[in-house]
Amino acid sequence: MVNKKRLVDEFIELVRIDSESLNEKNIADELEKKLKALGLDVWRDNAGEKFGGNAGNVMGRLKGNTNGEALLFAAHMDTVKPGNGVKPVVENDIIKSDGTTVLGGDDKSGIVAILEAIRVIEENNIKHGDIEVLFTFGEEIGLLGAKTVDTSKFRAKQGFALDSEDVSYIVYKAPAQNSIEFEIFGKESHAGVAPEKGISAIEIAADAINRMKLGRIDAETTANIGVIEGGRATNIVTGYVKMKGEARSHNLDKLERQTRSMIEAVWDAVERSKRYSGGELMIARSKETVSREYDRISVDKNELSARLAYRAVNEVGLKAQFVEMGGGSDANILNGKGIKMVILGTGMSNVHTKEEYIKIDDMVNITEVVLNIIKFAYA
Ligand SMILES: [Zn+2]
């Protein structure tokens, strides 16, 4: 029922449209046309403008011809760099780039699976409830589309993001992440002439990091300091250091505990750096900013979206597996906004590299998975 040639042709058409993050206008226009041609009500926002982009999210709804829960299917329109001028090469059962760019199967393979599945349900008069779609902008540079999209316009409370690699995997758990930025204010002084008059922000940072628990904290939690900046010259006791870190956990209590322990490590190091110089008390200071980068995904295996995905993947002859993921995605944000969303794999491989490729069989499989989800939901 899935038309393989049509699917591949549409994929090739879409990967040829340049759409690096914040330059999604051309693909957004094209997708609006395609959704309208398929009979969906389409609406867009211009949320990308806030970030210097030229497009926002593209959304649509295919009105149901039967009753049942509305379902949301999501994929992102943007690609990473180098993503302009993609020249797709079809070789046997594989589509890849010519080696000078990424392919953009991340995430255009998700987009075409959704479009083709909708086409097939219409051609075959398959019963369906409201089918909603969301094509986001700016996913690769901070989940911008998912963060800004007005989800109150959707009826669906259950959804599927097509944005992972293995078609047999159903991502139902992913951690929440806190980003933590520290600023440490020491005191500058000449390192050769009067080192005792200075407080080294670098030494405080080193002391703090040394006492932080980082890396894998436990099965659910990780932490890292990833950026450290500061210092002007070897002959100056460093007055200022900025560092950036993160903590992730599937468990929100553990996330808060880990975040606090990293902050307290800095406070303690600042405290330890206190001393008297010439009768004068020398004190450093620190400031930290914590932001919740994204919420977690924690969809129960008995939730409708999880059950439908599991059955749909098995139905195409693959062995469905529920898996946890370590990263953040649009689905984290949308779960945080109240849509029970799992992530499905499209077969995209070696993503974010010039060696990216996708197997055509996997593209057909994920399209059939989408189709099965719709069929099972309203049967
Ligand atoms: Zn992606």
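Buried means under 20% relative accessible area, exposed over 50%, and partly exposed in between (1.4 Å probe, protein chains only). Keep that handy for the exercises below. The model is a predicted one, where local features need pLDDT of at least 70, side-chain atom pairs count only at pLDDT 80 or more, and totals for chains, interfaces and linings use all residues. Residues are numbered from 1 along each chain as its sequence is written, and side-chain values use heavy atoms, with hydrogens and water left out.

**Exercise 1. Work out whether Thr-151 is buried or exposed, and what it touches.**

Step 1: Thr-151 sits in the loop that runs between α4 (144–148) and β7 (158–164); helices (H or I, at least four residues) and strands (E, at least two) are DSSP runs, numbered from the N terminus.

Step 2: apply the cut-off. Thr-151 has 14% relative accessibility, so it counts as buried.

Step 3: list the partners, taking contact as heavy atoms within 4.5 Å. Once neighbours within four places in sequence are set aside, Thr-151 is in contact with Leu-334, Lys-337 and Ile-339.

**Exercise 2. Find which residues of helix α5 are buried, and how they are arranged around its axis.**

Step 1: α5 covers residues 201–211, and its buried residues are Ala-201, Ile-204, Ala-205 and Ala-208.

Step 2: look down the axis. These buried residues fall within an arc of 100°, so they line one face of α5; the arc is that of the directions from the helix axis to the C-beta atoms. As background, an α-helix has 3.6 residues a turn, so residues three or four places apart point the same way.

Step 3: turn the helix over. Glu-203 and Asn-210 are exposed on the face turned away from the buried side.

Step 4: see what does the covering. Over the buried residues of α5 lie, among others, β9 (176–185), β12 (221–230), β14 (240–249) and α6 (252–272).

**Exercise 3. Describe how α2 and α3 pack.**

Step 1: get the geometry. Helix α2 (residues 25–37) and helix α3 (residues 105–123) pack at about 15°, and their axes are 12 Å apart. Axes here are lines fitted to C-alpha atoms, for helices over the stretch in contact, with angles running from 0 to 180 degrees between N-to-C directions.

Step 2: classify. The two helices, α2 and α3, are therefore roughly parallel to each other (angles under 35 degrees count as roughly parallel, over 145 as roughly antiparallel, 65 to 115 as roughly perpendicular and the rest as oblique).

Step 3: name the residues that meet. Ile-27, Leu-31, Lys-34 and Leu-35 come from α2, while Lys-108, Ile-111 and Leu-115 come from α3.
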